[in-house]
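This report walks through selected features of one protein chain. Please look over the sequence and the structure before reading on.

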Amino acid sequence: MKILITGAHGFVGQNLRAALGEIRGGHDRREDHVLCGDPAEITVKLIGRENSPEELEAFCKDCDFVFHLAGVNRPQDPAEFMRGNRDLTGRLLEALRRHNNRCPILLSSSIQASLEGRFQGSPYGESKRAGEELLFQYARETGAQALVYRLPNVFGKWCRPNYNSAVATFCHNTANDLPIQINDPAVPMELVYIDDVVEEFLQALRGCGHRAEDGTYRVPVVHRASLGWIAETILSFPKLRESLEVPKLDDPLTKKLYSTYLSYLPAERFACDLKMNEDPRGSFTELIRTPDRGQFSVNISRPGVTKGQHWHHTKNEKFIVVKGEALIQLRRVGAQADGTPYPVEEFRVSGRRIQAVEMIPGYTHNIINLSQTEELVTLMWANEPFDPARPDTFFEEV
């Protein structure tokens, strides 16, 4: 299969190329992404501003599918809208026509092409609408399949800030300690995430795109929020990193905004120091804390050291030894009916066979480094972040 991509070096083009590269490399073997023929035989031809009309002509000769992503968004001269959107589309279609190539064509258009509501009189919308009409006319005359996607605001990694995406600008500025400007926080935003766009484009490549009632196509996953909410959410992300918290990942839009924000961090901010609480027994370092999914930490015990020797009413934990040899002991607090202590339950664990051992509420517990020469490394999860005002931790030897 020979795939032609115009605008291949733009925001959407870069992400689409990466996804197609995964398929070509055999890394993406999901059933819904299997294309006709051997993935290794997929050829992707790229057209950008550096390519000549002759190269476009040659590529149109035998391609099997066209992703027409090229266009103009913010020209200096408004007349460039028509040249960059309508006229470029016309040149592509004429090249295909000359070679009698009736392959499917996916056009990346815009919701502004509806020319309805606040988009009435939009020069950009008019140029995108003109490009759509050329494609629909071509499809009627040749029988080729026309897949016109009217995209709302697209956001995600590799989007150019200070251009045509408020999300990209907010994320870039916030990640680089620059101010953001909002004229009207109540403005409603309709957004699609780049991974959802690419997923839908790959479905269209398979012939399974989502068609709308007006004959255009759509990305099925759309997010709606006010501009102010989006800005506030992005502005909260730097503080989350400092406090070791993570955003509300069960909200799909917040999750995607956070991934987008991270993609704009300068390299010197990829890593951040963590506070190691050290004493003669070793160290304890908190890694991540969440309001509803607990706290994650790493515990290092020096050779022969016993840690723990306490119990909790409600707090529960998981101990996962990833390096070294350890003995974990648990004993129910209190005494049996005959007055004798409850039996000690013992679990010998090793980084060579990773297991998760539950620390049960009402059971005092410890962890013993069995080595006299090697440190013991244990990942620990607690169902709630540690609260000094309510520690729910009581000393008692196992």
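Over how many bridges do strand β15 and strand β20 pair, and in which sense? The model is a predicted one. In it, β15 (residues 317–323) and β20 (residues 376–382) are joined by six bridges, and the pairing is antiparallel.

## The six-strand sheet

The pair β15 and β20 belongs to an open sheet of six strands, in the order β11-β12-β13-β20-β15-β18, with antiparallel pairing. At the edges stand β11 (276–279) and β18 (357–359); each has a single partner strand, so one side of each is left without a neighbour in the sheet. On average, neighbouring strands of this sheet are turned by 25° against each other, direction ignored. In general, the strands of a sheet pair through backbone hydrogen bonds, in a parallel or an antiparallel manner.

Which residue of β20 is the bridge partner of K318? The partner is W381. Strand β15 also holds V322, which, together with I354 and L379, makes a nonpolar surface patch of about 230 Å². V322 has a relative accessible area of 32% and is partly exposed.

Strands β6 and β7 run parallel and are joined by three bridges. V154 stands opposite V192, a residue of β7.

The loop between α6 and β8 (210–211) contains G209. With a relative accessible area of 25%, G209 is partly exposed. Leaving aside neighbours within four places in sequence, G209 is in contact with Y149, E200, Q203, A204 and Y217. The C-alpha atoms of G209 and H310 are separated by 58 Å, and the two residues are 101 apart along the chain.

## Helix α7

Which residues of helix α7 are buried? In this helix, which spans residues 227–242, they are L227, G228, I230, A231, T233, I234, F237 and L240. After α7 comes L244, which has a positive phi, near 70°.

## Salt bridges

How many salt bridges does the structure hold? There are 22. Side chains of opposite charge can pair when their charged atoms come close.

One of the salt bridges joins the side chains of E94 and R97, at 3.4 Å from N to O. Both residues lie in helix α3 (residues 80–98), three residues apart, which is about one turn of the helix. An α-helix has 3.6 residues a turn, so residues three or four places apart point the same way. E94 is partly exposed at 36% relative accessibility, and R97 is partly exposed at 34%.

Another salt bridge is formed by the side chains of R150 and E132, with an N to O distance of 2.7 Å. R150 lies in strand β5 (residues 146–151) and E132 in helix α4 (residues 123–142), so this pair ties together parts that are 18 residues apart in sequence. Are R150 and E132 buried or exposed? Both are buried.

The side chains of K315 and E384 also meet in a salt bridge, at 3.6 Å from N to O. This pair links distant parts of the chain, 69 residues apart: K315 is in the loop between β14 (306–311) and β15, while E384 is in the loop between β20 and β21 (394–395). K315 counts as buried, at 5% relative accessibility, whereas E384 is partly exposed, with a relative accessible area of 28%. Elsewhere, a network of salt bridges links K2, K45 and D62.

Key:
Residues are numbered from 1 along each chain as its sequence is written. This is a predicted model: local features need pLDDT of at least 70, side-chain atom pairs count only at pLDDT 80 or more; totals for chains, interfaces and linings use all residues. Side-chain values use heavy atoms; hydrogens and water are left out. Buried means under 20% relative accessible area, exposed over 50%, partly exposed in between (1.4 Å probe, protein chains only). Helices (H or I, at least four residues) and strands (E, at least two) are DSSP runs, numbered from the N terminus. Two strands pair if DSSP finds at least two bridges between them. Axes are lines fitted to C-alpha atoms, for helices over the stretch in contact, and angles run from 0 to 180 degrees between N-to-C directions. Patches are made of residues with over 30% relative accessible area and no salt bridge: like charges are joined within 9 Å, nonpolar side chains (Val, Leu, Ile, Met, Phe, Trp, Tyr) within 5 Å. Accessible areas come from the Shrake-Rupley method with a 1.4 Å probe; for residues, only the protein chains shown count as cover. A salt bridge is a side-chain nitrogen of Lys or Arg within 4 Å of a carboxyl oxygen of Asp or Glu. Contact means heavy atoms within 4.5 Å.
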